[in-house]
Amino acid sequence: MFNILRYFWYNYKNYLILILFVTLSVSLLTLNDNPRVKNFRSFSFGLFSATTSFFQPFFTFNNIQSENEELRDKNALLMLELNRLREYRRIADDIDSMKMQADTFSTQTVFSKIIFRAYSGNQLNLNIDAGRNEGIEAGMPVITPDGLAGIVYESSNEYSIVRTIKNSNLRLVVRNSGDGSQGILRWNGRDLLITNLPKTAVVNVGDVFVTSDVSSLVNLPVNIGKVKRVLNPEEGIFNDILLQAAVDVDQIDYVFVVKEIPSKIKRNVELNFYRYK
Amino acid sequence: MIVRSLIPILIFIPILLLQIYVVPVIEISGAVPDLILIVLIYFTLREGQLYAMILAMAYGFIYDISTGNLIGASMLSRVITAFIVGYFYNENKSETYLGNPIFPLIVLLGGFLNSAMYNLIVNFDINLNIAGIILFSALFPALYSAFVGAVGSMLFDTFGMRKSNG
């Protein structure tokens, strides 16, 4: 028996090791949503970021240190406020409602530097130097003064991973700021697309798309990009749009994390009636 | 013997730092060369299939946990790539691959397999054009890796020859 096993191992050890490793990898893949694995991942990328962030300044090629962080923060907030005001102008009948909206704007952002970009296949994730200690949680939108960069995917105490708009797992409901038609934003590995847009929607090249208020991920009207081309004007039930992203996530050095989780806010509102017993 | 087996780990640390901090600077349309894969293929051609699979497992795991990616995705794609590239291993030729045009070609094949598998694992979606994704997102980074592999291989070869001549 032992000889048979030894013969088998001697002749097929490469295949056995391959099967073992593939099984192990697939098992780990299926365990990615397990809280323990998530904790381990948060801990490990936090540790890696902390130990290697020393190298980051050496590889920062743009002259970014001299930038005024406070002004950038203001800029990002103004962008959000501007988009919200645009939205209200579209639906408001008088200027008073716009004033009221401006006065009630209370969103907070956290300024953060990008430690590194992780390119994996056609996915791009960012690792930023703000985490749970700054009140950042998974699900918070990440913006730049130009528009949406992504969503916080996971946080450790001091660092967070951001799933950028160049990640096929990030899908958002977006809205044409012109006619209000809604579609789904997705990254197909090569281009940023908006799919499921009704054929009846009036879409012109150059139209600006913003995140929709019905989105459970980002319900602030944040700039996404401009229409580059309608891909299938003559066929299909829905229009597909090729979008020119407002934010070049390959080039940015700073981001702002908006300290709001729309899904939680919405859920609280939706489940209000449960509280009245 | 111990030093020899530690070399891949010692090389991996600076390569990982380069991959994470420097390589994004030279991205072209979102495609970046995979330095870790180039090193893995080098060790595969030098040490053989079994050694390469174990190394691929370790490299993939460390890469996944340090970048916050899906744990297991890099491991799986790199292990299968190492297994396939391992068939190019030839004990008598292992030292002649560097500086030889065959090295970038093997990197091209390995890069394509690795990226294609990785994208299939991470991006799998029935609505997406899988063939297009594989072709674009696997071929371009693989070509880029092959180019970097060719340059690296020539530099390494030249440096090695100078050393032996000097």
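How many residues does helix 2 of chain B have, and how far does this helix reach from its first C-alpha to its last?

**Figure 1. Helix 2 of chain B in close-up.** Spanning residues 35–47, helix 2 of chain B has 13 residues. From the first C-alpha to the last, helix 2 of chain B reaches 18 Å, close to the 18 Å expected at 1.5 Å a residue. B:Gly48 follows helix 2 of chain B and has a positive phi, near 105 degrees.

**Figure 2. Burial along helix 2 of chain B.** The buried residues of this helix are B:Leu35, B:Ile36, B:Leu37, B:Ile38, B:Val39, B:Leu40, B:Ile41, B:Tyr42, B:Thr44 and B:Leu45. Because 10 of the 13 residues of helix 2 of chain B are buried, the helix is largely enclosed by the rest of the structure. In chain B as a whole, 49% of the 166 residues count as buried.

**Figure 3. The fold of chain B.** Chain B contains six helices and zero strands, and its elements run α-α-α-α-α-α from the N terminus on. Among contacts in chain B with a separation of 6 or more, 69% are accounted for by residues 24 or more positions apart.

**Figure 4. Confidence in chain B.** The mean pLDDT of chain B is 83, with 87% of its residues at 70 or more. Confidence in chain B is highest in helix 4 (residues 73–85), at a mean of 93, and lowest in helix 6 (residues 130–165), at 76. Over residues 162–166 of chain B, pLDDT is below 50, and this stretch has zero contacts in the model beyond near neighbours in sequence. Where pLDDT is low, the predicted coordinates should not be read in detail.

**Figure 5. The contact between chain A and chain B.** Chain A contributes 40 residues to the contact and chain B contributes 36 residues. On the side of chain A that touches chain B, the elements giving two or more residues are helix 1 (2–30), helix 2 (35–52), strand 1 (109–120) and strand 2 (123–128) of chain A. Helix 1 of chain A gives the most to this side, with 10 residues. By class, the side of chain A that touches chain B comprises 18 nonpolar, 15 polar and seven charged residues. For the complex, the predictor gives an ipTM of 0.85 and a pTM of 0.73.

**Figure 6. The domains of chain A.** Chain A is divided into domain 1 (1–30), domain 2 (55–168 + 249–260) and domain 3 (172–245). Taken over C-alpha atoms, the centres of domain 1 of chain A and domain 3 of chain A are separated by 48 Å.

Definitions and conventions:
Residues are numbered from 1 along each chain as its sequence is written. Chains are lettered from A and ligands numbered from 1 in the order in which they are written. This is a predicted model: local features need pLDDT of at least 70, side-chain atom pairs count only at pLDDT 80 or more; totals for chains, interfaces and linings use all residues. Two residues are in contact if their C-beta atoms, placed from the backbone, lie within 7 Å. Helices (H or I, at least four residues) and strands (E, at least two) are DSSP runs, numbered from the N terminus. Ala, Val, Leu, Ile, Met, Phe, Trp, Tyr, Cys and Pro count as nonpolar, Asp, Glu, Lys and Arg as charged, and the others, Gly among them, as polar. Domain bounds come from an automatic or database domain assignment. The expected span of a helix is 1.5 Å times one less than its number of residues. A residue is buried if 20 or more other C-beta atoms lie within 10 Å of its own, exposed if 12 or fewer, and partly exposed in between; C-beta atoms are placed from the backbone. pLDDT is the predictor's confidence in each residue, from 0 to 100.
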